[in-house]
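Here is a brief report on strands, sheets and chain shape. Look at the model first, then read on.

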Amino acid sequence: MGIISVQGIRKTYGDLCAVDGVDLDVADAEFFGILGPNGAGKTTLLEIIEGLRIPDSGSVSVLGMSPWPRSEALTRRIGVQLQASSFFERLTAREQLRTFAALYDLSNARADEMLDVVGLTDKANTRTEKLSGGQAQRLSIACSLVHDPDVVFLDEPTGALDPQARRNLWDLLREINKGGKTVVLTTHYMDEAEALCDRVAIMDHGKVLKLDAPVNLVRDLDAPTRISVERRVLSPDQAAAVAGVDSVDDQAGSLVLQTKQPAHVLAALANANALDGLQVRGATLEDVFLSLTGREYRA
Amino acid sequence: MKKLLTLSRALFLGFVRDRGSLFFAIFFPLMFLVLFGGVFNFGSSKVAVVEVGEVPILSAQVEKQYHDALTLKHYTDLGKALDAVRKGDYVAAVEQRGGTIVAHYTKTDAVRAGTAQGILGSIVGEQNQRATGSPPKYQLTFSAVEDKSLKQIQYVLPGLLGWAVATSGTFGAAMSLVLWRRSKLLRRLQLAPVPTGIVVTARVLVSLGIALIQTAIFIGLGKLAFGLKLTADWWMAIPIVVAATLAFLSIGLLAGAIAKTEEATVALVNVIVLPMAFLSGSFIPLDSAPSWIRTISTVLPLTHANNGMLDTMVRGESWTVGLPQIGILLGFAVVITAIATRFFQWDAN
């Protein structure tokens, strides 16, 4: 029995089935990811677990309590980050955090300590509207952590951040998880789920399609390895002739060879002295994701 | 209690740091106060008349007698005098042709022309009567019902204050609701250990505070700068403003429940508040308005706020006169809040 236990959750809006029978368990101190394309039902599922929405059927237990009806005992033990901009208008970063701290009966000192944890002490007097995307996200996470909850829910925390801000936030999230907190986040970034999560539930059309550690998901996919070398060291015909190569793709100055026997093919390329510009890429969670959800575009 | 204070403080800071809402809540209505109470006061009822050549009946004595109502200027050339009247510099040009007094006027300012005609008519009548040599049998004098020192400010201030309170109350509730729904702060607060009632109370308290600050600024400035004279039970304006604010908050709640975006909220609130201000006599008195407008005005909360404040602040009525108005305002607040909760949504989608 985990910290969070979700059983048979179903939620429909009109004839749209947002969550269609989801079961999952999250263990204590686990970093758990809910991964899926836009409109897969991730946010609805998360908000049901948080207690903001009541499902049509099924049950949820968080820290041994039902999230609905709302109970103060539970709200004091969970931290939620719904959106980067869930702030009071025109308050500074420090005022914002102190306001949230006061709502949990905590001191200003605790708020200032949290500001330091997320590295925003030098932005204490900056109004939240003036913070960058990454700073606003960190402040938002600080607001959800100010009361030292046992479980933290984060809805697409790296939504619109630049690469530096994302890495920076990943470090923060890892720290939080290392501190012993259970973290549940939704994301549509595969690299994020792969880099952070102990286990990932891949969702689409309101259903959990796969639930496992990212490593296992990738291994189970049994996808070919992609080896690319510079175009001038090898002709496509020569490449296709190498034993174990399944297909050859001629892409902008380099040849991409797909194989399920990468060791064999690499040895052959080394013998032919054709390793210039070598890149080897195994399957990623993204391949798992695309193989499960298909490639058609969705808004 | 501490949570209530914390939330109120956060909301109040959000208000005073927003230059836009400060402007529309305080400075914009004050500009109107200056405009209506100050500038328009100078446009007195005195009419300027040109005397062309010699007009014996407009003697120095007559000029003195009518100095409240008339200023005289002397021209020798009729053509120039008529041009000046045409341009609107003077209301009329008066010349005497034997026993006939001719007053040339322009139709473009009918009200002033009428005033000039009345004054000139009574001067001529008086001179005719004097020419008979017998004392006048009847005399007509005019006396205003109000204290003579009463100024325009007395009548415009309560209405403009009502309008200011209506604007900030309605905007306050509507904007908080729409912004907090869109930023999910409403949901975030739902997951914090703070009852929804505390959040609502904080919003109401801050709006009441803003309304009382508006009242203090209006009355203070009215007294200091415009010679506002308050009557005995003027303090009744305070409970009226409180009740009116609750009514306007309920309108804002309804507007905020319906509007989805900030832009839509601004538009919707303006569409409600501006016509209401006109139809409740905040800008212009409704005494001469068509009866259907007066019928509409009776269902508007601002009408009752304005009337209650006028009665108790400047007309010298007893405070008890304001009680029914307060009752109507509170009843309005309850009904509209009940309707608004039916439209209320936690989420933006």
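Two strands pair if DSSP finds at least two bridges between them. Helices (H or I, at least four residues) and strands (E, at least two) are DSSP runs, numbered from the N terminus. This is a predicted model: local features need pLDDT of at least 70, side-chain atom pairs count only at pLDDT 80 or more, and totals for chains, interfaces and linings use all residues. Residues are numbered from 1 along each chain as its sequence is written, while chains are lettered from A and ligands numbered from 1 in the order in which they are written.

Start with chain B. Its secondary structure comes to 13 helices and four strands. Within E2(B), Leu72(B) is the bridge partner of Val49(B). Two strand pairs are set out below.

| Strand | Partner | Bridges | Direction |
|---|---|---|---|
| E1(B), residues 47-52 | E2(B), residues 70-75 | six | parallel |
| E10(A), residues 225-230 | E12(A), residues 254-259 | six | antiparallel |

In chain A, Glu230(A) stands opposite Ser254(A) of E12(A). Four strands of chain A form an open sheet, ordered E11-E12-E10-E13, with antiparallel pairing. Its edge strands are E11 (245-251) and E13 (279-281) of chain A, each pairing on one side only.

Back to chain B, now for overall shape. The C-alpha trace of chain B spans about 95 × 40 × 40 Å along its principal axes. Buried residues (20 or more other C-beta atoms within 10 Å of their own, with C-beta atoms placed from the backbone) make up 38% of the 349 residues in chain B.

Key
Buried ≥ 20, exposed ≤ 12 C-beta atoms within 10 Å, placed from the backbone.
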